[in-house]
Amino acid sequence: MAAETPLMERIVALCKRRGFIFQSSEIYGGIGGFWDYGPMGVELKRNVKEAWWRDMVINPPIGPKGEPVEIVGIDSALIMNPKVWEASGHVGGFSDPMVDCRACKARFRADQIDSSQCPMKPSKCPGQHDKCDLTEPRAFNLMFQTYVGAVQDAASVAYLRPETAQGIFVNFKNVLDTSRVKVPFGIAQIGKSFRNEINPRNFTFRSREFEQMEMEFFCEPDEAMMWYEFWRNTRHQWYVNHGLKSDKLRLREHAADELSHYSTGCADVEYLYPFSADFQELEGVAHRGCYDLTQHSKHSGKDLSYFDDDLWQQDAAKYKGDADAAKKAKENAPYRYLPTVIEPAAGADRTTLALICEAYTEDQAPNDKGQMETRTVMRFHPRIAPIKAAFFPLVNKEGLPEIAEKMFRDARRRYHVAFDTKGAIGRRYRRQDEAGTPFCITVDGETLKDGSVTIRDRDTLQQERVNQSHVMSWLDERLMSAKSD
Ligand code: ATP
């Protein structure tokens with residue numbers, strides 16, 4: 001694709017060409033705001049989610065005072081009792097102001113008019129053509145509505161969840177009662193969310209169906225600011241660790257007038273995607289106070305408070321002999337209280353897209369004839385690369401394919417790896433470069449003589465000869481150490 005083609009178009013074309021991302025229902029003309037992940041994309045996104053889960057639930061970071069942090073996972077239903085959404089404020093409140101154009105029938109977010117495009121040619125902002133006829137901004141509910149059961153009436157209305165967080169809040173008591181967690185602790189969830197976005201655009205960035213990776217961290221009110229700062233910084237660093245190392249990534253603290261009424265702190269991890277001159281949100285880290293648990297307590301009539309038994313055991317002696325005072329004390333702070341919540345809420349699709357944009361590179365590399373040519377290479381961090389290594393026989397004879405295939409079969413028990421026998425070796429390298437495979441391993445004539453194979457590094461193009469019996473440990477070293485970068 002010509003170098004003058006805008007970068008974002010080149011990235012979208014690569015995503016299609018290499019099987020990362022396809023338009024949903026493409027053979028029927030697609031459907032706005034929905035995307036499908038192909039064989040490469042599904043691996044990439046799985047690796048993103050796997051890395052998040054591993055770093056949150058399986059092996060969480062060490063806390064601000066050097067203590068182990070405890071986080072458990074859940075997987076709640078996509079459709080919940082509609083009362084959940086009344087309590088959370090989504091029914092009624094979850095709407096963006098929108099503007100319709102009576103002339104071209106397009107719909108725009110009122111707060112994004114200046115960065116939107118009118119479908120009429122030449123492209124301009126809505127309202128800038130003579131024919132534009134914009135309505136006043138109106139509220140538009142973003143929740144997808146459906147019906148549960150055979151009868152479609154007001155009583156059977158339900159919603160596809162617009163976020164995973166509420167599934168966590170409504171299970172707070174279940175988790176507390178069934179696992180041995182103690183405040184401070186977190187509950188994490190990864191799953192699909194749905195928002196009927198007015199103006200889905202910018203590839204997968206603003207979709208109508210997307211995946212979120214959310215964690216609600218429940219802590220003592222006094223320690224909430226400490227945990228807020230901890231999660232804000234930890235989450236920002238997580239993206240750096242997974243390859244967003246450029247100055248296109250930033251952490252932005254919200255100004256006081258941007259905060260929700262219940263929040264005392266919010267920061268966005270933002271990325272400068274190629275489709276916009278402005279930084280865009282990848283993840284929001286919010287201090288939510290005890291808003292959500294308060295709302296669900298009120299609406300459900302259930303007590304969602306936390307009792308700090310450890311603290312009570314320390315103090316119980318003070319109340320010895322005064323059962324009434326003890327009973328009263330146990331019902332109040334500091335023993336019983338609603339925990340404050342710190343919420344890091346990330347998007348798996350926006351993260352995947354940022355990693356794709358950051359990885360996309362065009363450089364110069366020699367072709368099969370030794371001439372330099374432009375190559376497209378996806379410089380993914382090895383931890384998230386869809387394919388970790390590819391095995392090639394240099395030629396399809398002299399027993400080389402058999403040796404390469406045996407190595408491939410051994411390696412695939414541990415990693416997602418590829419085996420490719422088709423075309424000149426340079427073309428095979430190019431295919432793996434576009435998929436972002438960090439290492440290519442070639443079996444050649446030397447292998448027959450001394451058992452060594454060539455390992456080529458995607459980024460440096462350096463080739464190293466390694467004995468075939470050491471290839472797995474060589475890979476383990478590179479891929480395992482990548483986890484703790
Ligand atoms: P925006 O202001 O961009 O609409 P938001 O502030 O409403 O996003 P949150 O409700 O905080 O987003 O959701 C948490 C995360 O979920 C976001 O940081 C983002 O990564 C992801 N997300 C939200 N909406 C979408 C969407 N329409 N498409 C893809 N990902 C989304």
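This note covers the aromatic pairs and ring contacts of a predicted model.

1. Overall count. The structure contains 23 aromatic pairs. Two of them are taken up below. A ring pair is described by how far apart the centres lie and by the angle of the planes.

2. Phe 172 and Phe 185. Their ring centres are 6.1 Å apart, and their planes meet at 10°. Planes under 30 degrees apart count as stacked, so this pair is stacked. The pair links distant parts of the chain, 13 residues apart. Phe 172 belongs to helix α6 (residues 172-178), and Phe 185 to strand β9 (residues 185-194).

3. Burial of that pair. Phe 172 has a relative accessible area of 0%. Phe 185 also has a value of 0%. The cut-off for buried is under 20%, so Phe 172 is buried, and Phe 185 is buried.

4. Phe 439 and Trp 474. Here the centres lie 4.9 Å apart and the planes stand at 85°. An angle over 60 counts as edge-to-face, so that is the class of this pair. Distant parts of the chain are again linked: Phe 439 is in strand β21 (residues 439-443), Trp 474 is in helix α15 (residues 471-481), and 35 residues separate them. Phe 439 and Trp 474 are both buried.

5. Charges over rings. Trp 474 has a further contact: the charged end of Arg 478 sits over its ring, 3.9 Å from the centre. Elsewhere, the charged end of Arg 350 sits over the ring of Phe 205, 3.7 Å from the ring centre.

Key: Residues numbered from 1 in each chain as written. Predicted model: local features only at pLDDT ≥ 70, side-chain atom pairs only at ≥ 80, totals over all residues. Heavy atoms only, no water. Phe/Tyr/Trp six-rings, centres within 6.5 Å; stacked < 30°, edge-to-face > 60°. Helix = DSSP H or I, 4+ residues; strand = E, 2+ residues; numbered from the N terminus. Buried < 20%, exposed > 50% of the residue type's maximum accessible area, 1.4 Å probe, protein only. Lys NZ or Arg CZ within 6 Å of the ring centre and 35° of its normal.
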